[in-house]
Amino acid sequence: MTTPDTKTSRNDILFARAQQSTPGGVNSPVRAFRSVGGTPRFITRAEGPYFWDADGKRYIDYIGSWGPAIVGHAHPQVVKAVQEAAARGLSFGAPTEGEIEIAEEICRLVPSIEQVRLVSSGTEATMSALRLARGATGRDKIVKFEGCYHGHADSLLVKAGSGLLTFGNPTSAGVPEDFVKHTLVLDYNNVAQLEDAFESMGDTIACVIVEAVAGNMNLIRATPEFLQRMRELCTEYGAILIFDEVMSGFRVGLGGAQALYGITPDLTALGKVIGGGMPVAAFGGRADLMHKMAPIGPVYQAGTLSGNPVAVAAGMTTLKLVQQPGFYEQLSGQADKLVKGLTAAAREAGVAFCADSVGGMFGMYFSASIPGSYSEMMAGDKERFNRFFHGMLDEGVYFAPAMFEAGFVSSTHDDAIVDATIEAARKVFARIG
Ligand code: PMP
């Protein structure tokens with residue numbers, strides 16, 4: 001595989017052009033390679049575990065559209081379902097049978113979800129779940145954890161203070177202090193801090209929202225005690241427990257993180273895999289709570305393209321494919337093989353590195369041990385990660401372009417793909433060691 005001549009690279013030409021019409025040249029910030037430097041690759045097509053950039057260079061893709069492509073890119077059955085649905089009409093703004101089918105499937109596969117509402121993005125799903133939690137409890141305060149991302153709704157765009165219990169300051173310009181003054185940000189995996197928060201203000205907390213397997217501060221596992229205590233405290237104080245499984249849902253296993261940990265949240269946000277690469281997300285949970293949604297309840301939420309028939313066809317087909325016997329065993333087996341291979345390759349080169357995986361998600365850390373919190377993750381060697389990232393890119397392997405992101409395998413990442421990745425990593429670790 002050859003590195004494109006950057007002087008004549010079509011990626012460079014497209015990036016320069018994109019920046020004229022679009023802020024930063026991209027429609028979602030991480031795509032701009034700001035964290036790792038260099039030119040983002042403009043993708044022309046994808047198939048199975050691969051995609052190709054505008055220079056015709058092929059990459060093994062470990063992003064999978066940031067999670068949705070769990071059955072590989074352009075899976076023939078998903079593409080067929082989309083084509084057939086598109087031929088019947090793109091959007092009706094009226095209900096369809098397909099929406100019932102996917103809702104029934106989600107309720108069947110995620111037992112805590114008794115009723116579900118479809119939306120078009122993870123941001124909408126978490127934002128609506130929060131509104132429902134506040135509407136149902138009549139309380140304002142929400143608890144989130146440092147390093148967990150729940151989309152870009154105003155009240156969730158809050159950075160944490162240090163390790164202390166702090167009310168949030170907005171992380172983004174344009175979010176009034178007033179909008180986030182009810183958002184309490186706590187440390188991930190810190191049980192004592194959570195207990196303190198409930199003790200001092202538990203009867204004013206509407207909900208706790210958490211990524212039960214965190215994937216937006218690289219991959220970080222919640223400890224079982226953390227989630228268990230969270231469940232108990234929410235029940236004791238009448239707060240709603242929201243699992244944000246936009247990323248972990250149908251990714252860490254069939255029933256999501258809640259099945260893995262055996263914990264039942266009141267509400268769940270889903271996205272990514274349930275759309276199979278098309279814009280479908282959802283929130284759902286206890287029927288008594290969901291009955292508070294418009295049109296039967298007082299909590300308003302709506303969407304012109306919600307339950308879009310073409311998107312639902314992609315999602316439903318993907319949900320069928322992941323239920324094939326042995327799907328998750330194979331998926332997690334490949335992620336595990338990748339993680340072990342990378343770790344061994346780093347060790348051979350004397351690079352401080354470790355890695356972890358849960359189901360089809362993995363994390364790579366340029367540190368001596370696997371982090372358990374945002375601050376531990378941030379202590380990793382970012383400069384070395386960046387060199388690794390670019391080295392792998394040159395070798396034709398595309399990992400997430402930031403140290404803070406998790407990676408994803410698909411069912412098409414077979415042994416040959418994983419072996420080729422490890423072989424490439426061996427070369428790159430030797431260069432950056
Ligand atoms: N929650 C989690 C856990 C996510 O990972 C994401 C997206 N990465 C979101 C919410 C927001 O989803 P979307 O980008 O579809 O709005």
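Two strands pair if DSSP finds at least two bridges between them, and helices (H or I, at least four residues) and strands (E, at least two) are DSSP runs, numbered from the N terminus. Keep that handy for this predicted model, where local features need pLDDT of at least 70, side-chain atom pairs count only at pLDDT 80 or more, and totals for chains, interfaces and linings use all residues. Residues are numbered from 1 along each chain as its sequence is written.

**Strands**
- Strand β10 (residues 205-210) pairs in the parallel sense with strand β5 (residues 141-145) over three bridges, and K141 stands opposite I205 in β10.
- β10 also pairs with strand β13 (residues 240-245), again in the parallel sense, over four bridges; here I209 stands opposite I242 in β13.
- Six of the six residues of β10 are buried (20 or more other C-beta atoms, placed from the backbone, within 10 Å of a residue's own), so β10 is largely enclosed by the rest of the structure.

**Nonpolar core**
- A nonpolar core is a set of buried Ala, Val, Leu, Ile, Met, Phe, Trp, Tyr and Cys residues joined through C-beta atoms within 7 Å.
- The largest one has 132 residues, and I242 and C207 are among those with the most contacts inside it.
- Leaving out residues up to four places away in sequence, I242 touches A129, A133, C207, V208, I209, P265, D266, L267 and A269 (contact: C-beta atoms, placed from the backbone, within 7 Å).

How values were computed
A residue is buried if 20 or more other C-beta atoms lie within 10 Å of its own, exposed if 12 or fewer, and partly exposed in between; C-beta atoms are placed from the backbone. Two residues are in contact if their C-beta atoms, placed from the backbone, lie within 7 Å.
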